[in-house]
Amino acid sequence: MTDTETLTADIETKGVSKESNGGETTNYKRKAFFSNVLKYAKSIFFACVGLFLCGGLWEWLSSYTEGDLPTPAATFTVFFEMLSDPFYDYGPNDKGIGLQLGSSIGRVLLGFSIGSVIAIPIGILMGASNIGKQIFYPIVQLLKPVSPLAWFPIGLVVFKDSDMATIFIIFITSLWSTLINTAFGVGSIPQDHKNVAKAFGFSKMRYLRKILIPYALPHIITGLRLSIGVAWLVIVAGEMLSGGAGIGFFVWDSWNALSLERVISAILIIGIVGLLFDKLFTLIENKVSYKA
Amino acid sequence: MSYLEIKNLEISFPTPKGKYIAVRDINLSIEKGEIISIIGHSGCGKSTIMNAIAGMNTPTGGSVELMGKTIKGPGPDRGIVFQNYSLLPWMSVYQNIYQAVDAVMDCSKKEKQEIVLQNLEMVNLMQHKDKLPGQLSGGMKQRVAIARAFAINPGVLLLDEPFGALDALTKGTMQLELLKLWNLSGRDKTIIMITHDIEEAIFLSDRIVVMNDGPAATIKEIEHVHLARPRNKIEIVKTPEYIELRDRLLHLLTDKFSIEDMGMVYKK
Ligand SMILES: Nc1ncnc2c1ncn2[C@@H]1O[C@H](COP(=O)(O)OP(=O)(O)OP(=O)(O)O)[C@@H](O)[C@H]1O
Ligand SMILES: [Mg+2]
């Protein structure tokens, strides 16, 4: 990591300093560009190798089960069919994949947002004060290992509504990683930074805004990234329980209709959305992290 | 009663092996407007004493009094340059200074911005004001820390090896800037600095405090510098007072090592 960083930094400075004698600069830049292209080409190539192996295994499994497991070709036909008309709506039990996906994402975002809004301040409290830690940490330790699905009945009792109960389990799911990472980030603020606040008499507010939050932010975003990842895992199972609409319900419904092509297509779509969530938060993570 | 009074100061730290006494029996009276250097071997407790004056740590014995009042914590009357600069890595050079000024000073936003720019000018970092600390060299970081301490215009400046990471040329300039600032204040600011550089100590100070080695380090000797101000760096080195003082300081700091070195030679 550090090696490549110094390398690129080196390239940049050399590029700048040699701006005057133009020929060499372009040469240098071209070399850097080509080495980058080569790097990407290589990683794409290896990713293709992996996918190819997976496809081969799938093909073999399909012939081994004598067609009970649909072939990749048959699956992709259905997959593209599903994508060609994602937003059709023929009543409550027959909706396009886009609508199903939309309602799942909506639930996840709602539960996740409420969870985060509660988890971040409590995490800050846990990280910043010993008493806060002593109050909340045992609760977190006790409840974190519980499968969020176990909360579903409680959600049903409290909200008397299966949709709300699903959002409730997403809310619970979204708490733990955010809590723990926020608390860790805030708890690990170096003494040096605290000394600055102390020496220059920073108010509580200034300390929070200018030291605590900027320092802890990368950790908080990591927590959010992990949280939304688990939330996306849980929503599928949650919607299988709750029924109605959503990608989880879609999987269950397709299984009941014995359309494994649709199940596998849904798995791919779930994977892609999860990957996109992860990438989005990784992007934010990189944005807010600083070089010490 | 002096301006700054250190009385029987003892500072110990709790460690797994029990109490570690870093410094003890420190007695030092400092007048307003004095420049004091503290010199001593690494780890003897210089920063520890400095932090006690800054109010960053609490004495386990004795006291530090500023204008008759016991120091209980940090305050805007003392500006500190930490040994490790302590800049906030997510803020620009400008913001690092501005946040300190904004927290301490009681004036309009425009005046605060003016103060920051003036101090950036002083340490010659104007072109670098929008960089992050991670993009600066060690010496540049040190200058930011110096500008930040100066910007809040404190009565007492506490400088922990402020010029340690600077090259000889920049160091010379910064020393002159420090003296300029001191003169501008009507020689009213009290400056306490830690240094490892004997020549720097003589050039700048009224008195030089030489420390014993730790643990439980004490003051070994306090040397007065009688050279008249303004001092010319090139001229003073030729004076007999300078040469005598430098030899004495060298002796105080190195006698232990030279004896050991001789021992090594004889054993061969
Ligand atoms: N927080 C602490 N906990 C335990 N021991 C400490 C602590 N701070 C300092 N010490 C010890 O006190 C002694 C003096 O440390 P100090 O930092 O004051 O040295 P120094 O004279 O400034 O050295 P240097 O010239 O290397 O900066 C050292 O032995 C150090 O290990
Ligand atoms: Mg020190």
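Analyst: Happy to! Let's begin with how the two chains meet: 22 residues of chain B are in contact with 17 residues of chain A, where contact means heavy atoms within 4.5 Å. Please keep in mind that this is a predicted model, in which local features need pLDDT of at least 70 and side-chain atom pairs count only at pLDDT 80 or more, while totals for chains, interfaces and linings use all residues. Residues are numbered from 1 along each chain as its sequence is written, chains are lettered from A and ligands numbered from 1 in the order in which they are written, and side-chain values use heavy atoms, with hydrogens and water left out.

User: What makes up the area buried between chain B and chain A?

Analyst: The buried area is the accessible area (1.4 Å probe) that two parts lose on being put together, summed over both. For chain B and chain A it comes to about 1,800 Å², with carbon and sulfur atoms giving 67%.

User: Why is the pair B:Asp102 and A:Arg206 called a salt bridge?

Analyst: The rule asks for a side-chain nitrogen of Lys or Arg within 4 Å of a carboxyl oxygen of Asp or Glu. The closest N and O atoms of B:Asp102 and A:Arg206 are 2.9 Å apart, so the pair qualifies.

User: Which elements of chain B supply the side that touches chain A?

Analyst: α2 (93-104) and α4 (138-151) of chain B each supply at least two residues of that side. The largest share, five residues, comes from α2(B). Helices (H or I, at least four residues) and strands (E, at least two) are DSSP runs, numbered from the N terminus. By type, the residues on this side of chain B divide into 14 nonpolar, six polar and two charged.

User: How do you know that B:Ser47 and B:Gln83 are donors of the magnesium ion?

Analyst: Donors are N, O and S atoms within 2.8 Å of the metal (3.2 Å for Na, K and Ca); water is not among the atoms, so sites may look incomplete. B:Ser47 (OG) and B:Gln83 (OE1) lie 1.9 to 2.2 Å from the magnesium ion (ligand 2), so they meet the rule. The pair links distant parts of the chain, 36 residues apart: B:Ser47 is in helix α1 (residues 46-54) of chain B and B:Gln83 in the loop between β6 (78-81) and α2 of chain B.

User: Why is A:Asn181 called buried?

Analyst: Its relative accessible area is 17%, so A:Asn181 falls within the buried class. A:Asn181 sits in helix α7 (residues 162-187) of chain A and touches A:His219, A:Thr222, A:Gly223 and A:Leu226, leaving out residues up to four places away in sequence. A:Ser177, in helix α7 of chain A as well, is buried because its relative accessibility is 15%. With that sequence exclusion again applied, A:Ser177 touches A:Gly223, A:Leu226 and A:Ser227.

User: What covers the buried residues of α8(A)?

Analyst: The cover includes α9 (204-242) of chain A together with β6 and α4 of chain B. The buried residues in helix α8 (residues 191-199) of chain A are A:His193, A:Asn195, A:Val196, A:Ala197 and A:Ala199. Just after α8(A), A:Gly201 takes a positive phi of about 55 degrees.

User: How do you know that the bond between B:Arg229 and B:Pro230 is cis?

Analyst: The omega is about -5 degrees for this cis peptide bond. B:Pro230 is found in the loop between β10 (219-224) and α7 (233-236) of chain B.

How values were computed. Nonpolar A, V, L, I, M, F, W, Y, C, P; charged D, E, K, R; others polar. Buried < 20%, exposed > 50% of the residue type's maximum accessible area, 1.4 Å probe, protein only.
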